[in-house]
Amino acid sequence: MRPTLLLAGLTVLTIPLLTSCAGPDRSADADDLRGALADLPGVAEVDFGYTEPEFLDSGKVALTVRMDEEARAGAVPAVVTTAYEAFSGTHHDEEGDVFVNFDDDVVHLRSFQPSAEVDHVADVVTRALAVLPAGAVQVDIDTQEPDQEPYVFTSFTVTIAQEDADSVLQTMTGLEQVHGAIPDAGWRVLTSGEGIWEFGSTAGFPGADQRAIFAELRGDLPPKASIQLVDDFVTVQVPEQTTTDQVATMVDRHLGLLGGVEDAFYDVTSGENFYAMFSAGECTFAEGEVGARLKEDHGDDCATVSGEGEEPS
């Protein structure tokens, strides 16, 4: 047999094999779940989406639940656990997301091949409800990534109306005092508005060392600049009118506090644009006067250097 005919035959055989490897279409089950959620007390509306599985890609169930304005927070656990029962059963091998909108808060459950027990997820939601009065709270409950018991991790993001760093720290301190016993959780507090202050940790509450570096980074900032610090990742926002010299002086001081270019994870931004990004020695500098100045000051300390739209060198 000629090679071309052999390849053609293999192609014909492969197509149905690849198709058969895709998981079953569970769109009807997902629609049943939508109906079950819509029938629960306190639910006003359920938006539903389903993506059929393809070869090497699972099906995806996405639901957004809006609660009645009169609904009590106690109605939320039933919504989340009903979704999780389906995600951990019928849709175990599919990606699942349910967003429950309650007042200005959101409880989001993420699932894929989960191992957590339904009762444990219910306990997580109940504990999370006690955090909601702290501000506009986003609760992200992850049953996809954790690979150790209890196979659930929760991230709390609390947005407050105040727009200053002191309020962020006070809110974080208050959260730790009241909710410090919540296990397997990360915490962030941030402000609303243009100049966003943010402080947080992806595992537990920020410790004394992180609080100390946050305090040091805040010192001698240009007017109306703000800091976002999560773990050891720092983003500084400066107003557009901040001068090149002001930015350069600030960056030089901050990089010194963070261990230098080779250790820092540090971005400098203004509005929708960035001036520089430092990632443990890998540096990217924007075009323009500020980016050029920062490259001149710190480029020699970078392991790799790239500009906007350029490959690292």
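In which hand, left or right, does α6 pass α7 at their crossing? Select both helices and look: the crossing is right-handed, a term that applies if the near helix is turned clockwise from the far one by less than a right angle, whereas anticlockwise makes it left-handed.

Before going on, a word on what's on screen. This is a predicted model, where local features need pLDDT of at least 70 and side-chain atom pairs count only at pLDDT 80 or more, while totals for chains, interfaces and linings use all residues. Residues are numbered from 1 along each chain as its sequence is written, and side-chain values use heavy atoms, with hydrogens and water left out.

**The whole chain**

Zoom out. The protein chain has 8 helices and 14 strands; these are DSSP runs, with helices being H or I of at least four residues and strands E of at least two, numbered from the N terminus. Along the principal axes, the C-alpha atoms fill a box of roughly 70 × 60 × 35 Å. Of the 313 residues, 44% are buried (buried is under 20% relative accessible area, exposed is over 50%, partly exposed is in between, with a 1.4 Å probe and protein chains only). Now for contacts, meaning heavy atoms within 4.5 Å. Among contacts between residues at least 6 apart in sequence, 53% join residues at least 24 apart.

**Stop 1: α6 and α7**

Go back to the opening pair, with residues 208–218 selected for α6 and 244–257 for α7. Their axes come within 10 Å and cross at roughly 165° (axes are lines fitted to C-alpha atoms, for helices over the stretch in contact, and angles run from 0 to 180 degrees between N-to-C directions). The two helices are therefore roughly antiparallel to each other; that label goes to angles over 145 degrees, with under 35 counting as roughly parallel, 65 to 115 as roughly perpendicular and the rest as oblique. Show side chains for I213, E216, L217 and R218 on α6, and for R253, H254 and L257 on α7, as these make the contact. By class you get 3 nonpolar, 1 polar and 3 charged residues (nonpolar is Ala, Val, Leu, Ile, Met, Phe, Trp, Tyr, Cys and Pro; charged is Asp, Glu, Lys and Arg; the others, Gly among them, are polar).

**Stop 2: α3 and α4**

Next, select residues 76–88 (α3) and 118–129 (α4), which pack at an angle of about 150° with their axes 9 Å apart. That makes α3 roughly antiparallel to α4, and their crossing is right-handed. Color V76, P77, V80, T81, Y84, E85 and S88 in α3, then V118, V121, A122, V125, T126 and L129 in α4, to see who meets whom. This contact has 9 nonpolar, 3 polar and 1 charged residues.

Stay on T81 in α3. This threonine is buried, with a relative accessible area of 13%. Setting aside neighbours within four places in sequence, T81 is in contact with V118 and A122. Draw a C-alpha to C-alpha line from T81 to V118: these residues are 37 apart along the chain and separated by 6.5 Å.

**Stop 3: salt bridges**

Side chains of opposite charge can pair when their charged atoms come close. A search of the whole structure finds 11 salt bridges, each a side-chain nitrogen of Lys or Arg within 4 Å of a carboxyl oxygen of Asp or Glu.

Pick R110. One partner is E95, with the closest N and O atoms 2.8 Å apart. R110 lies in strand β4 (residues 105–111) and E95 in strand β3 (residues 95–102), so the pair ties together parts that are 15 residues apart in sequence. R110 also meets D97 in a salt bridge, at 2.5 Å from N to O. D97 counts as buried, at 14% relative accessibility.

Now jump to D245 and R293, another salt bridge, with closest N and O atoms 2.8 Å apart. D245 sits in α7 and R293 in α8 (residues 289–298), so this pair ties together parts that are 48 residues apart in sequence. D245 is partly exposed at 48% relative accessibility, and R293 is partly exposed at 28%.

To finish the stop, select D57, K60, E95, D97 and R110: salt bridges that share partners join them into one network.

**Last stop: T51**

Find T51 in strand β1 (residues 43–51). T51 is partly exposed, with a relative accessible area of 41%. Not counting residues up to four places away in sequence, T51 touches G59 and K60.
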